[in-house]
Amino acid sequence: MKTFQDFPLEERLKISHQHLERMRRPNGGYIASPYNAEDGSGDAYNVFWIRDIMFATYANEYLGCFDKMVESFRLVLDIFKKFHPLIVQASIIKPDVRHQTGQFMPARVHPTTLDTITDAWGHHQLDVYGLFMYKMGDLIKKGYGFRFKQEDFFLLSHIRNYIFNMGFEADYGMWEEGPEDHASSFGAVLGGLTMWFDQGYYDFKYKHKIKISHYVPISQRMIASGRDALDRLLPRESGTRQYDMAQLSLIWPYNIVDFETKETLLHNIETNLVGTRGVRRYPGDVYCGKGLVPGFNETAEWPLGLAWLAICYAKFAEHGYDFDHAHKPVHFDWPQRHAYFRKALHYFQLLEKNMTPDGAVPEMYVGAQTGHNTPLAWAQSFHIISGQILTNLASAHAREFRLPPEVRHSREHSASIVHA
């Protein structure tokens with residue numbers, strides 16, 4: 001019987017998308033994982049995390065399934081609307097991040113009712129707001145048919161006010177731990193604000209120059225405050241973490257730091273966090289889910305990080321340039337682009353090596369053990385994105401970027417080529 005790795009790349013991406021679609025619900029959202037915890041060995045993940053929905057549906061854009069992506073973001077918009085009063089309240093009177101958790105929009109909700117599941121832990125996660133603002137602006141600028149009503153712009157204006165009132169201060173971050181100042185959170189928010197402020201920063205991404213800044217005005221002061229807060233932390237993720245997988249978001253999707261900083265972040269992560277089965281979230285991470293028993297000094301490795309690294313390097317190869325601290329272009333010659341493409345391929349191959357025989361991306365490995373949350377929706381999405389970018393590069397620049405037989409073809413076909 002064939003396993004996932006025995007199929008050609010095109011089929012592997014289809015299988016991966018099928019796994020992702022099984023986690024999609026009729027309202028357009030994606031549960032984080034099918035795991036329901038009925039055996040009592042952990043938290044149920046068959047619910048909606050707002051961040052996970054946005055990253056999970058990202059794959060649809062790369063597959064050309066724009067209607068599905070827009071539907072998912074409409075659902076996220078509805079979730080924000082449901083908790084609009086809490087956003088307005090926190091934009092006026094700053095709640096205590098640690099002790100007034102019930103006064104924040106929840107980070108996860110019921111997949112049908114969209115109600116809060118629990119207020120028992122920290123919901124103030126700035127990166128969720130940043131990703132939402134960033135991608136909503138991006139959808140408008142790309143002309144994907146996302147039509148806003150006036151009330152939607154009011155909501156975005158209140159999110160802007162929320163960000164400014166809460167300040168570039170401590171939150172619970174991408175991994176829902178803290179509160180602490182997180183560079184990844186500050187970068188996400190700065191990316192979201194910059195998308196609406198723009199003034200040429202993200203213009204290179206768009207064929208059509210659609211101005212959106214007049215809908216939700218962003219002041220130069222807010223951009224400067226965000227940049228100062230981010231620069232104070234970098235290259236650290238936080239006061240307690242010298243480096244963190246979440247910092248890859250500063251490279252993709254936000255592209256909010258200069259090329260030299262990207263090189264530093266990648267070096268830190270690759271040198272200190274990359275393992276044989278995935279990327280550790282940060283040094284000393286103790287989370288490994290229920291039922292998994294780590295060995296001495298063993299830390300969970302997330303395959304998600306391998307896909308993320310592949311995307312970052314593929315983007316370098318794709319664009320052929322980046323920007324320095326003064327936002328002047330840094331051009332890559334073809335040998336450098338080849339090197340980035342090969343790095344992306346390396347991490348993509350390592351990712352697929354650690355996917356399950358049926359093509360699912362586990363949340364984590366602890367040694368050889370896989371976690372309950374298999375597949376993990378946004379990790380599945382990132383596999384599709386990384387594979388599709390590499391495919392597009394090989395198609396657009398067939399002479400410069402070539403997918404090796406062991407990536408493009410089935411395992412049997414690749415072996416026959418080698419022995420021919």
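This is a predicted model: local features need pLDDT of at least 70, side-chain atom pairs count only at pLDDT 80 or more; totals for chains, interfaces and linings use all residues.
Which residues have the most contacts inside the largest nonpolar core? Residues are numbered from 1 along each chain as its sequence is written, and side-chain values use heavy atoms, with hydrogens and water left out.

**View 1. The largest nonpolar core has 137 residues.** Phe 80, Ile 159, Trp 196, Trp 308 and Phe 382 have the most contacts inside this core. Helix α10 gives the most to it, with 12 residues. (A nonpolar core is a set of buried Ala, Val, Leu, Ile, Met, Phe, Trp, Tyr and Cys residues joined through side-chain atoms within 4.5 Å; buried means under 20% relative accessible area, exposed over 50%, and partly exposed in between, with a 1.4 Å probe and protein chains only.)

**View 2. Here we meet the neighbours of Trp 308.** Leaving aside residues up to four places away in sequence, Trp 308 touches Met 174, Met 245, Leu 248, Ser 249, Trp 252, Trp 378 and Phe 382 (contact means heavy atoms within 4.5 Å).

**View 3. Helix α10 spans residues 303-319.** Helices are DSSP runs (H or I, at least four residues), numbered from the N terminus. From first C-alpha to last, α10 reaches 25 Å, close to the 24 Å expected at 1.5 Å a residue (1.5 Å times one less than its number of residues). Since 15 of its 17 residues are buried, α10 is largely enclosed by the rest of the structure. Gly 320 follows α10, with a positive phi near 80°.

How values were computed:
Helices (H or I, at least four residues) and strands (E, at least two) are DSSP runs, numbered from the N terminus.
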